[in-house]
Amino acid sequence: MNLSDFDLTSYSGLYISKDSHPKFGKKYIARFQYDKKRYVKVLGYEKRDKLTLDGANRLMENFKDSILKDVKQNIKITQKATKDNSSVNTNSFSEEIKKLKEENEFFKSILKNYKSIQPEILEEGIQKIYDLQELKPYQIELIKLQDWLEKENKRMIIIFEGRDASGKGGAIRRITRYMNNKHYRVVALGKPTETQRNQWFMQKYIEHFPTGGEIVLFDRSWYNRAMVEPVFGFCTPEEHEIFMEDIVNFEQDLVRQGMILIKLYFSVSKEEQKRRFDRRINDPLRQWKFSEVDMQAQDLWDEFSEKKYEMLRRTTSRSAPWHIVRSDNKHLSRIEALKIILNSVDYDGRNYALNFEPNEEVNISVQKELLQMRKTKDY
């Protein structure tokens with residue numbers, strides 16, 4: 001933690017970050033010296049923890065009191081140990097030191113030359129391990145669902161929609177990570193060919209529909225005509241309106257004929273989309289993701305919001321509803337997407353010990369999303 005990134009507040013020992021986190025706000029830390037030892041602690045954030053200057057000071061004072069209490073307690077323990085001169089206490093202390101050394105050596109052997117890695121990157125990497133472990137029980141359930149679809153000769157389509165950088169691709173990779181690749185396909189269609197331009201609009205998608213026992217995941221779908229195409233002028237207003245009028249009946253026919261259709265909309269905030277775009281621009285490993293269309297996404301945010309609102313309002317139905325997944329937190333959005341898919345069918349061997357209940361802060365109803373959009377266009 002670099003102290004140059006923080007400003008000293010009016011309270012001695014209390015610092016506040018110069019820069020504000022886009023989601024959490026500014027960070028408060030306590031930094032002081034006692035008994036020739038330096039103590040540093042992150043107290044919290046303005047927005048996330050609703051922390052004020054006075055509140056942070058109270059937390060710092062509590063922290064100081066706990067340090068003082070621990071020091072006094074340690075002095076008492078040391079004095080008692082010295083006075084007792086007990087071999088049992090000595091052995092116990094030696095065992096504790098030995099245990100700490102072993103743990104230290106163990107973690108150093110795993111982390112290798114960790115001092116050469118930025119703490120933020122190291123922390124992010126460790127968090128990803130925990131995130132992957134949390135996903136695995138749901139990924140196991142997906143394999144059971146696949147087996148059930150194959151046994152019952154059922155067909156499933158999963159649509160992934162959302163603005164650029166909303167987390168669709170990452171979610172698809174986690175969902176398909178351990179699935180049997182013989183029984184699923186990921187379809188991400190590019191610009192239509194000259195032949196496709198002269199075909200019925202849905203024809204190029206129908207060519208990729210699943211057969212019995214198969215799942216097809218569309219990374220963007222026919223709903224391009226509801227949002228992307230009208231915003232960029234890739235279709236006429238008449239073509240857009242014909243699609244909006246016809247698509248609900250088309251999807252109802254699919255479901256009536258036994259297709260399991262799941263529509264996921266990944267809803268990212270404007271602020272988070274910008275943060276992800278900035279990361280793509282500055283990170284050589286991600287620059288390939290940034291396209292000319294992405295450059296216009298922020299400028300055309302309101303236009304996309306209008307089309308998104310119309311699409312969700314007019315194309316959700318009882319047989320093929322939209323599932324809104326707030327995706328500012330990628331990990332939570334992936335878990336909720338997995339839950340939605342697993343809850344779509346009653347497959348064999350379900351692990352009922354798992355939590356399949358939706359996280360209502362992430363898994364949002366269409367009605368709630370539309371209400372939010374009427375108040376603000378941030379999503």
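Buried here means under 20% relative accessible area. The views below come from a predicted model.

**View 1. Helix H8 spans residues 237-256.** H8 holds 20 residues. At 1.5 Å a residue, the helix should span 28 Å. Its end C-alpha atoms lie 29 Å apart, which agrees. H8 also has a kink of about 40 degrees, centred on aspartate 246. Just after the helix comes glycine 258, with a positive phi of about 100 degrees.

**View 2. The buried residues of H8 and their cover.** Buried in H8 are His240, Phe243, Met244, Ile247, Val248, Phe250, Glu251 and Leu254. An α-helix has 3.6 residues a turn, so residues three or four places apart point the same way.

**View 3. Helix H4 crosses helix H12.** H4 covers residues 168-176, and H12 covers residues 330-342. Their axes come within 10 Å and cross at roughly 55 degrees. That angle makes H4 oblique to H12. From H4, the contact uses Gly170, Ala171, Arg174 and Ile175. From H12, Arg334, Ala337, Leu338 and Ile341 take part. The crossing is right-handed.

**View 4. Helix H11 crosses helix H13.** The axes of H11 and H13 (residues 366-375) come within 10 Å. They cross at roughly 150 degrees. H11 is therefore roughly antiparallel to H13. Ser305, Lys308, Tyr309, Leu312 and Arg313 make the contact from H11. Val366, Glu369, Leu370, Met373 and Arg374 make it from H13. This crossing of H11 and H13 is left-handed.

Conventions:
Residues numbered from 1 in each chain as written. Predicted model: local features only at pLDDT ≥ 70, side-chain atom pairs only at ≥ 80, totals over all residues. Heavy atoms only, no water. Helix = DSSP H or I, 4+ residues; strand = E, 2+ residues; numbered from the N terminus. Expected span 1.5 Å × (residues − 1). Bend = angle between axes of the 7 residues up to and from the residue. Buried < 20%, exposed > 50% of the residue type's maximum accessible area, 1.4 Å probe, protein only. Contact = heavy atoms within 4.5 Å. Axes fitted to C-alpha atoms, helices over the stretch in contact; angles between N-to-C directions. Parallel < 35°, antiparallel > 145°, perpendicular 65-115°, else oblique. Left-handed = near helix turned anticlockwise from the far one by under 90°.
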